[in-house]
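Thanks for coming. I will go through one structure today, helices and strands in turn. Please have it on your screens.

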Amino acid sequence: MFTLAEVASLNDIQPTYRILKPWWDVFMDYLAVVMLMVAIFAGTMQLTKDQVVCLPVLQSTVNSKAQPGTSGKADVTTAEATTGQAEAASLRTVPFGSAPTVTPDVPLSRATSSQYQPTESGQALKKEQKDSSGRKTNLDFQQYVFINQMCYHLALPWYSKYFPYLALIHTIILIVSSNFWFKYPKTCSKIEHFVSILGKCFESPWTTKALSETACEDSEENKQRLTGAQSLPKHVSTSSDEGSPSASTPMITKTGFKFSAEKPVIEVPSVTILDKKDGEQAKALFEKVRKFRAHVEDSDLIYKLYVVQTVIKTVKFIFILCYTANFVNAISFEHICNPEVEHLIGYTQFECTHNMAYMLKKLLISYISLICVYGFICLYTLFWLFRIPLKEYSFEKVREESSFSDIPDVKNDFAFLLHMVDQYDQLYSKRFGVFLSEVSENKLREISLNHEWTFEKLRQHVSRNAQDKQELHLFMLSGVPDAVFDLTDLDVLKLELIPEAKIPAKISQMTNLQELHLCHCPAKVEQTAFSFLRDHLRCLHVKFTDVGEIPAWVYLLKNLRELYLIGNLNSENNKMIGLESLRELRHLKILNVKSNLTKIPSNITDVAPHLTKLVIHNDGTKLVVLNSLKKMMNVAELELQNCELERIPHAIFSLSNLQELDLKSNSIRTIEEIISFQHLKRLTCLKLWHNKIVNIPSSITHVKNLESLYLSNNKLESLPAAVFSLQKLRCLDVSYNSIAVIPIEIGLLQNLQHFHITGNKVDILPKQLFKCVKLRTLSLGQNCITSIPEKVGQLLQLTHLELKGNCLDRLPATLGQCRLLRKSGLVVEDHLFDTLPSEVKEVLNQDTSIPFANGI
């Protein structure tokens, strides 16, 4: 037999699960415990006191009293007569011989005791024996025990014997059904995880702080509405609000901001800094809630299991009630038993009494009453399950009561669990909704970010760039710290991989800021911040993956001078490009697009009248259509790099103001069209490096104003004399080709200052080279030169001489005559430097304050 503690343990669940048990489940648990106690009490009494006591019924009495046509069973009248006769017979006694004899109609106990009662006389005893109608038997105590046991199984209804055990089994099934969803492996893990997260969210300091900040914001908004917009200071901006943009700023729709000067300004009170540990725990909770939602929302197993177990309990209630009600009247105190053992005891019929009948009947009625109550609660549970859609849960009330209007509705098992929690306390779901809001998460990140990135820490990250400007680079942060906008002397701000970057009105303090970098950072701006950027920003770099990441306010910066766009702008996305709004950038001078264009978007020509420099860096995608270049009449610098061009585009020849052309890293093989450059009177720099050019046409002489010619990394084998007719040439770069001879005509270039022929096959330097007395940079490395003429000393302005990678034995001592040359500008092997006289070494090792010209 089970102990009460062992059976009650079936109903035990974790105390934390109480938030998932509505009142009906709790009530049914208590009812199950009471039913369990009834079953155990009945079973205990049945084991200790349950028995029947049987007495034989005299055959003659039965025959005389029985009505014709009746069966062997006695009715109530017969039973009463038999009982009376048995009581009368109890007064009669018989003498005992060698074995005690008892009259059939006398109970055993009374018959036994009558042996010891004294008789008045022998005659009276004999007379009494003659009057007895029974027959003498050897029935003793063991025979009565035998009859009692036999009639217990034959005459007693089965329900009287097994009711306690059935009640115990039914109750255990109901208990198991009530808590099965807490035990089932595929649901208990989700429930345990949910309860754990819910408890942490309820107790998290961030929950209280977020709700209190919401209440504070609401009170401030109400106060501002009452006060009116006119009483607010002009320098404070509105927060970014969702809504339709005004007609004057059509591009702001992409960022979801509305710039309205009429809306009252709201100054949200500063948020108290959370403890760092609490902040980290809150951020971990946001991540847990996000993952749990993704895991639970895709199924409805918990809901189905709860419905199934409720249906099972209801069906069980109906089953118990139906068959139990029929057996209430079957439990009786009196029973007639016909054991068919007349050959053993001489009697065919016995009348038995069941001493537990009264108690069992009362317990059964109590059990039925409890089952009825239990069943009505089950029916109510089913009504609740199907009355409303429990697989959908709306946080509408929470959204109305707080500023977290972005709390999403949930579904499936996640929704069902929240409905169950609401039956316990709706405050749980309200506090839990804080961790489903992205606005709340962003606020937490903002607080943690400002706590970590203080003004002092940001100041330590400020550096000087190549232009000697103060620069701050922030990388992979959750947002832009507020202290950044206190760095009022900052010149360059770089924001990289900050998806939630927001630029507040405080940026207006940064009066020195003129350059902004947004690398995969679709920053959002407030109205005042936008106004400041529009008026002060001069240079903007935007790096993106998709064109949609380009902030719409970029196209409204009317005072912008330089715009750098780096990202995917292929032909499929050309229609989506917001470059048509470049027409608003009236002061834009430099446009740099590093992408994969197949044609120059015609919309770029909107800025053609004021564009002076256009740079297109393709990733190897062939640039086919270039006709729109003809409209850019004011372009002075044009770069078309890595565009897979095979010839010089004819559209370039229409750019009459072009001064510098860079066609680096293309597939140009011939430059016969170079003759058309004679129409470009202002062209001074031509860069055709990193191509596949085999020869230089003689028509290059027509480009008389050319000052810089870059032909490095091609396939040139010789230099034609026509190149040296360009008298204005100051820089000539033919490095990394296959040139074997430097023509003597090089001496004609009297204005040549930089000559690079590194990485060729030159073995002899012509003396005419040293007539170019204005040379400052001479790169002769990685050739086959065996000696340097002494006339190198004539190059008095030489500051950089590269000789490394040749076949030299020594260096000429006349290097000491090059007054501006120092050891740092002499690129040569160490052992060759040691061949110089000591006085020359001393001259070369001297420090000088004269700035060296930079080599190309």
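First, the conventions. This is a predicted model, so to speak: local features need pLDDT of at least 70, side-chain atom pairs count only at pLDDT 80 or more, and totals for chains, interfaces and linings use all residues. Residues are numbered from 1 along each chain as its sequence is written, and side-chain values use heavy atoms, with hydrogens and water left out. Helices (H or I, at least four residues) and strands (E, at least two) are DSSP runs, numbered from the N terminus.

Start with the open sheet. Three strands make it up, in the order β1-β3-β2, with antiparallel pairing; two strands pair if DSSP finds at least two bridges between them. β1 (52-56) and β2 (334-337) are the edge strands, each with a single partner, so one side of each has no neighbour in the sheet. From one strand to the next the twist averages 25°. Axes here are lines fitted to C-alpha atoms, for helices over the stretch in contact, and angles run from 0 to 180 degrees between N-to-C directions. β2 is joined to β3 (residues 350-354) by four bridges, and H335 stands opposite C352 in β3. Helix α7 (residues 141-154) lies across β1, β2 and β3, at about 115° to β1.

β6 (residues 463-464) and β7 run antiparallel, joined by two bridges, with S463 opposite E471 in β7. The two form a hairpin with five residues between them, and D468 in the turn has a positive phi of about 60°. β7 (residues 470-475) runs parallel to β8 (residues 492-496), with five bridges between them; H473 has K494 in β8 as its bridge partner. β8 in turn runs parallel to β10 (residues 515-519), again through five bridges, and V492 stands opposite E515 in β10.

Which residue is the kink in α8 centred on? It is P164, and the kink is about 40°; the bend at a residue is the angle between axes fitted to the seven residues ending there and the seven starting there. Helix α8 (residues 158-183) has 26 residues and spans 35 Å from first C-alpha to last, close to the 38 Å expected at 1.5 Å a residue. That expected span is 1.5 Å times one less than the number of residues.

Last, the packing around α16. The axes of α12 (residues 301-325) and α16 come within 7 Å and cross at roughly 55°. That makes α12 oblique to α16; angles under 35 degrees count as roughly parallel, over 145 as roughly antiparallel, 65 to 115 as roughly perpendicular and the rest as oblique. L301, I302, Y303 and Y306 in α12 meet D413, F416, L417 and M420 in α16, where contact means heavy atoms within 4.5 Å. These residues divide into seven nonpolar, no polar and one charged. Ala, Val, Leu, Ile, Met, Phe, Trp, Tyr, Cys and Pro count as nonpolar, Asp, Glu, Lys and Arg as charged, and the others, Gly among them, as polar.

On to α17. Helix α16 (residues 412-424) packs against α17 (residues 426-433) at about 135°, with axes 6 Å apart. That makes α16 oblique to α17.
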